[in-house]
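Subject: Structure for your review

Hello,

Here is the structure you were waiting for.

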Amino acid sequence: MKKTKIIYDPSLTISENAANNNLSVSSIRRYIRLQGIDRAGDNEIIRQRRIREEIQKSPDISLAELSRRLGCSVNTIKKYIHLSPNQSKNGSGNLSTIDKYKRKIGINVDSLWVIGARAKGGKRENTYHGNFIPQVPNNLIRRYTKKGEIVIDLFMGSGTTLFECEALKRHYIGYDINQAIIEHVQSKMDEGAPIQYAINNCDVTNKELFASMTELSLSKMGKRKADFLIVHPPYWDIIHFTDNAGDLSNITSLDDFLNMFTLSISNVLPFLKADRHFAIVIGDVYRNSEVAPLGFYVMNEVKKNFKCKLKGIVIKDMAGNKAKIGIENLWRYKASKSDYFLFKHEYIFVFRKI
């Protein structure tokens, strides 16, 4: 009888190792015993992994809730993240007040982001076609900015980045061409907001208009340049957002779309400080019965036209697509009867301006 080779991963639970090896839990336990493996150290790794995963899923989770989910004490969690028992600023231990906690554990530095369900709570919502999940701007903002710095959001949409900036105490300047969505987002912001913010109705391909609005917004914040830029444009013309001629989602030619997108980047980059980062979140599309790798086209345009370093290509899962809610099985059935694949990925290209 051929002996089964067991591949043991100490960062996984016994059950997860059993599933990966297609064996029973008792077989893995026997393997651990025979190999003399010390599970005490493995359990430390597993607990750290679970803490990190829970924070990434729910960035604003409290220490108390994290303790409940993981079945261990608050002080035990603090030990794993190297905080002293009194290091949180208040009794609730809300993670938005524990920078060291999030910096140490909560920021995802992998190039593959399997995020899963959309984070909920606060002003977060999923009622607008094309909005991205809050975990994306939340992670990027925490990694590349500090409290009190300024984030520019070139395509605001339903305000996902604004609401994360508000929660993380970063100032915000956003642009959109859709007056209706601007009014909707504005209605969700309170007069006593803890940050300075500006929302501009602006065609970002219009150099003069964009420059004047940006200079005004920055001057009101006492600054001349911003600290981080996030760009989540329309994915070419797969969703039409407005009838405005300046709306990138109304462009039918790929070359024209790339040219106008590049123009928008050339308009905004002068307002980003040197040696600071910007991120582009984008996906691919189908066109003429084949994949049009829009993400790589956009990345190439940036590399060709601007002085910057490509610091990362992150592939993230795409879940909860509003257009497919309730009809996911129908799309899967159609794909199974054809030769194409369902898009389950998006790209996050991170650059550093030089």
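The notes below go through strands, salt bridges, cysteines and a surface patch in turn.

Please keep in mind that this is a predicted model.

Strand S6

I started with strand S6, which covers residues 272–282. Eight of its eleven residues are buried, so S6 is largely enclosed by the rest of the structure. Strand S5 (residues 226–231) pairs with S6 in the parallel sense, over five bridges. To get from S5 to S6 the chain passes through helix H11 (residues 254–268), and this β-α-β crossover is right-handed. S6 also pairs with strand S10 (residues 345–353), here in the antiparallel sense and over six bridges.

Val 231 stands opposite Ile 280 of S6, and in S10 the bridge partner of Ile 280 is Phe 349.

Salt bridges

How many salt bridges does the structure hold? The count is nine. In general, side chains of opposite charge can pair when their charged atoms come close.

One of them ties S5 to S6. The side chains of Arg 276 and Asp 227 meet with an N to O distance of 3.3 Å. This pair links distant parts of the chain, since Arg 276 lies in strand S6 and Asp 227 in strand S5, 49 residues apart. Are these two residues buried or exposed? Arg 276 has a relative accessible area of 17% and is buried; the cut-off for buried is under 20%. Asp 227 is buried as well, at 4% relative accessibility. Both residues belong to a network of salt bridges that also takes in Glu 149 and Lys 273.

Helix H4 (residues 63–70) gives another example. Glu 65 forms a salt bridge with Arg 68 at 2.7 Å, N to O, and a salt bridge with Arg 69 at 3.0 Å, N to O. Glu 65 and Arg 68 are three residues apart in H4, so about one helical turn separates them. Arg 69 and Glu 65 are four residues apart in H4, again about one turn of the helix. As for accessibility, Glu 65 is partly exposed at 24% and Arg 69 is partly exposed at 34%, whereas Arg 68 is exposed, with a relative accessible area of 59%.

Cysteines

A disulfide is, in general, a covalent bond between the sulfur atoms of two cysteines. A search of the whole structure finds zero disulfides. Cys 165 is buried, at 0% relative accessibility. Cys 308 is buried too, with a relative accessible area of 7%.

Surface patch

Which residues form the nonpolar patch on the surface? They are Leu 112, Val 114, Phe 296, Leu 310, Ile 313 and Ile 315, and together they have about 510 Å² of accessible area. Strand S9 (residues 308–317) supplies the largest share of the patch, three residues. Leu 112 sits in strand S1 (residues 112–113). At 53% relative accessibility, Leu 112 counts as exposed, because the cut-off for exposed is over 50%.

That is the end of my notes.

Regards

Methods. Residues numbered from 1 in each chain as written. Predicted model: local features only at pLDDT ≥ 70, side-chain atom pairs only at ≥ 80, totals over all residues. Heavy atoms only, no water. Disulfide = S-S within 2.5 Å. Buried < 20%, exposed > 50% of the residue type's maximum accessible area, 1.4 Å probe, protein only. Patch = residues over 30% accessible without salt bridge, like charges linked within 9 Å, V, L, I, M, F, W, Y side chains within 5 Å. Areas by Shrake-Rupley, 256 points an atom, 1.4 Å probe, with all protein chains shown as cover. Salt bridge = Lys/Arg side-chain N within 4 Å of Asp/Glu carboxyl O. Helix = DSSP H or I, 4+ residues; strand = E, 2+ residues; numbered from the N terminus. Pairing = 2+ DSSP bridges. Right-handed = clockwise from strand over helix to strand, strands pointing away.
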